[in-house]
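Okay, thanks for coming, everyone. Let me put the structure up and then walk you through a few of its contacts.

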Amino acid sequence: MAFKEKWESVKNFFMKSGKRNLIIACAVVLIGAAVWINWLVFSDKDKGGYDYSQSTGMSGELDNSKNPTSGNTDASTNDADSYFTTAQVSRQRARDEALEVLNAVIENANATEEVKAEAVAEITKISLEMEQEADIESLLISKGFEKCVAVVNGETASIVVKCSEQLTPAQLAQINASVYEVAGIEPINITIVGKK
């Protein structure tokens, strides 16, 4: 009998909350999933995410996980190019999916004005982050880095740059300064990875 009562209370909850709230809850879950996927793709997996043990939040280590040998430079170049292309496509796909869900919330006739305003604010935030990422990537490429992928998420940023050797302190400072200039993110909240 207890199961039947619980089932009725759950059923009543969903009846009271309605379809609109379920759509909003699903939208929030999808946006969270998109952010989580971005974090998985662009976090430093060898260190389990951000490395807070360094005082400046920087990682100058070269990521050779995909290229254990450095003898074949053509293969290394193709792997790096493939990585950067895949990362940019994955980032864009996740953002497109989040924007699609938010636009559906805005276009939903049953959504309240408050919910629509939150969706518009989230779209504005995502658009700003996309613009900052593009500006950071352009700025770093103009400063001599061959390839770059930037992921801005609120007050944190992950930057992956193509390099043949370990990043120097001057390069790390240059990347930090560029990210701060564009997005206002403090160096302690910036993770930098060199990708061969």
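**Salt bridges, cores and a ring pair**

Let's start with Glu 146, which counts as exposed, at 52% relative accessibility; exposed here is over 50% relative accessible area, buried is under 20%, and partly exposed is in between, with a 1.4 Å probe and protein chains only. Before I go on: this is a predicted model, so local features need pLDDT of at least 70 and side-chain atom pairs count only at pLDDT 80 or more, while totals for chains, interfaces and linings use all residues. Residues are numbered from 1 along each chain as its sequence is written, and side-chain values use heavy atoms, with hydrogens and water left out.

Back to Glu 146. What does its side chain meet in a salt bridge? That's Lys 162, at 3.2 Å, N to O; a salt bridge means a side-chain nitrogen of Lys or Arg within 4 Å of a carboxyl oxygen of Asp or Glu. Lys 162 is in strand β3 and Glu 146 is in the loop between α3 and β2, 16 residues apart.

The structure holds 6 salt bridges. Take Arg 91, which is paired with Glu 133, closest N and O atoms 3.7 Å apart. Arg 91 lies in helix α2 (residues 73-107) and Glu 133 in helix α3, so this pair ties together parts 42 residues apart in sequence. Helices are DSSP runs of H or I, at least four residues, strands are runs of E, at least two, and both are numbered from the N terminus. Arg 91 also bridges to Glu 137, with closest N and O atoms 2.6 Å apart. Arg 91 and Glu 133 are both buried, and Glu 137 is buried too, at 10%.

Now the nonpolar cores, meaning sets of buried Ala, Val, Leu, Ile, Met, Phe, Trp, Tyr and Cys residues joined through side-chain atoms within 4.5 Å. The largest has 17 residues, with Ile 136, Leu 140 and Ile 159 among those with the most contacts inside it. A second, separate core of 15 residues includes Ile 24 and Val 105.

Last stop, the rings. The whole structure has 1 aromatic pair. Tyr 83 and Phe 84 have ring centres 5.4 Å apart and planes at 80°, so they are edge-to-face; rings of Phe, Tyr and Trp (its six-membered ring) pair if their centres lie within 6.5 Å, with planes under 30 degrees apart stacked, over 60 edge-to-face and the rest tilted. Phe 84 is buried, at 1% relative accessible area.
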